[in-house]
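Look through the model first.

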Amino acid sequence: MTSVEERVAGDPGRAVAGGEAVGRLARALTFARRHRVFLPVLASAVVLRLVAMLGFQGAMWFPDSYDYVSGALSLTPNLIRPSGYSLFLWLLSPFHSFTLVVLVQHAMGVAVGVMVYALLRHRFGLPGWAASVAAVPALFDAFGMQLEHLIMSDTPFTFLLTLAVTVALWEKEPSARRMALVCLLVGLAAITRSVGLPILVLTLAWLTVRRAGRRAVLAGLVAGLLPVALYAGWFSSRTQRYGLTYSTGIFLYSRTMPFADCRKIKPPVDELPLCIDTPPAKRGRSQLYIWGRISPFHRFAQRKFTPDVERRAGDFAQRAIIAQPGDYAETVTSDLLRTFRWHHPSFPDPETYDYYLFQPHPPQPPSVAVARMRPYDPGHVKTKVVRPYASVMRVYQRFFFVRGTVFGLILLLGLGALLRRRWDALLPWTIAVVAILVPPTTAEFDYRYVIPALPAACIAAALAFTRRDGDTGHVIDRNHRGRAV
């Protein structure tokens, strides 16, 4: 025996440890070989986000951000938008770091791409290169990265929806426990952004169409409504009324302002202050009739976001839609088509659009907001721009983002999967469609509303390139022949 062999023979524990080390190395090499295409893609996405964090130290800000942080500090529900994101910020508040919030959101952005890849490999057996291509839009869209850097609800919302789709499709057979988790995630998304509520209804309908069984549907219903019901109870602790917001009717009213004609609507006396005389061709964009100086809500003696004002605004909006259905359809369609433009023209106005850019001088919170938010992070409320990293991200954003026309093609591929009876594409494709359809239908188009739809749309599109193995529902590719990867 050699000296090494003698030492190993004399120490069985060392031999076992050595064998385990060799086994771990072999498994790591096998994993790296299996995912050899995706791992460099993933590493590049991580590096880009690190560059963004180095270039724009601290968080970036949007006007809604200040309310979210205030809600996290006071733990009170917001009257205008659901406060699920404020609860997320509250969970991270013991660390007193907006930089940590941004780091977690960037990690969520990376995780979204990983989920797209892992689902397509595990359940549907796509080859590594195809699953990697499907994950690229979520991992490398520059506007998505910038949203991850904003103190805004969009990234957690996208993460929750993508996780829900991944859990729903991870295995072929829908168990009650797994469907409960899916609906719970969508319910959490619903208290993060209002568009999650119709997606929750859609998910429950999908369970029924999927014939998941009475037990799974019931479990999904209970789990999905649980966070919504708890949030409504919390909302009532401030307002003495159960609900999620006091803004639904007000936003729908603003949606009708580009065309509403009181001569056709003939509203009751208490809604006449909501009428405007400006001809439709000369009116401003929808949101100005909530926040701008021209807003008719200034005519009311009471505060804007109250049950009475919301009721009157919502009733007026419904009358406008019923009296002028063609004008409403034209307004919605015009906004929806902005989703599919090749270029990214400034919309809804240059000031708002600039919030979505990596700028050399990003908008900073006003001094009043800084003072209000300082308890959350005493050291890094304002964004610090550091070159050359910031310049890299600015150049990157000019060229690397998902064009609206490309997104439209992705949706068409998902529809093609459904036409070829790839029914597993039904949930992600309809989630993507609802995510882009609800905002222009109920409020106004905004580029950031498209980002949450992108991962689900890519999953559905990828399924157009799979084929079913007889009636088993499993897909096959030439390399893996239906094996789970």
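A disulfide is a pair of cysteine sulfur atoms within 2.5 Å. The structure holds one disulfide. This is a predicted model, in which local features need pLDDT of at least 70, side-chain atom pairs count only at pLDDT 80 or more, and totals for chains, interfaces and linings use all residues. Residues are numbered from 1 along each chain as its sequence is written, and side-chain values use heavy atoms, leaving out hydrogens and water.

**Cysteines**

The sulfur atoms of C262 and C275 are 1.9 Å apart and form the disulfide. Its S-S torsion is about -100 degrees, so the disulfide is left-handed. C262 lies in helix 14 (residues 262–265), and C275 in the loop between helix 14 and helix 15 (288–291), so the pair ties together parts 13 residues apart in sequence. Helices are DSSP runs of H or I, at least four residues, numbered from the N terminus. Both C262 and C275 are buried. Buried means under 20% relative accessible area (1.4 Å probe, protein chains only). Two further cysteines are also buried:

| Cysteine | Relative accessible area |
|---|---|
| C183 | 0% |
| C458 | 5% |

**Core**

The largest nonpolar core has 153 residues, of which L89 and L120 touch the most other members. Helix 6 (residues 98–122) gives the largest share, 11 residues. Such a core joins buried Ala, Val, Leu, Ile, Met, Phe, Trp, Tyr and Cys residues through side-chain atoms within 4.5 Å. Beyond neighbours within four places in sequence, L89 is in contact (heavy atoms within 4.5 Å) with Y68, V69, A72, V101, I151 and Y376.

Notes:
Buried < 20%, exposed > 50% of the residue type's maximum accessible area, 1.4 Å probe, protein only. Helix = DSSP H or I, 4+ residues; strand = E, 2+ residues; numbered from the N terminus.
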